[in-house]
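Okay, thanks everyone, I'll keep this short. Let me put the chain up on the screen, and then we'll go through it together.

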Amino acid sequence: MSTVRLAIRKPDDMPDAVFFGAMEDFLQLLIELTPVDTGFCAASWEMQLDENLAIFYNNAEYSSFLDEGWSKQAENGMTDPALEQLPDIFDEWMLKYYKY
């Protein structure tokens, strides 16, 4: 089986609420960036979250091919474009956290 796995470690100085919220948004972004034919691959994203680590995985048989850019819908895959947006997601959550 060809799967996609990605781990993101919580920065030491980041509040847990910021990390957990940002990881939920990151999961939604991965789903949005996943090419859709039947929707199976987009629906196959899952996340394991603990205190200091988020692990994202997609067990659809062809998910790694899509992540390598085999689809014209996502020629750059899903994980690389999502990771490029991660700093902005963290920034948004830090602003929300310190605003309240």
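**Charges, fold and one serine**

Let's start with the charges: the chain has 6 positive and 19 negative ones, and their mean positions are 3 Å apart. Keep in mind, before you set anything up with this, that we're looking at a predicted model.

Staying with the surface for a second, the chain exposes about 6,300 Å². As for the inside, 43% of the 100 residues count as buried.

Now the fold. We've got 4 helices and 3 strands in the chain, and going from the N terminus the order is β-α-α-β-β-α-α.

Contacts next. Take the ones between residues at least 6 apart in sequence: 67% of them join residues at least 24 apart.

Last stop, S71. You'll find S71 in the loop between α3, residues 63-67, and α4, residues 79-99. So, is S71 buried or exposed? Buried: its relative accessible area is 12%, and the cut-off for buried is under 20%. And what is S71 in contact with, once we leave aside its neighbours within four places in sequence? That would be P35 and L66.

Okay, that's my bit; over to you.

Conventions. Residues numbered from 1 in each chain as written. Predicted model: local features only at pLDDT ≥ 70, side-chain atom pairs only at ≥ 80, totals over all residues. Heavy atoms only, no water. Helix = DSSP H or I, 4+ residues; strand = E, 2+ residues; numbered from the N terminus. Buried < 20%, exposed > 50% of the residue type's maximum accessible area, 1.4 Å probe, protein only. Contact = heavy atoms within 4.5 Å. Areas by Shrake-Rupley, 256 points an atom, 1.4 Å probe, with all protein chains shown as cover. Lys, Arg positive; Asp, Glu negative; His and termini not counted. Charge placed at Lys NZ, Arg CZ, Asp CG, Glu CD.
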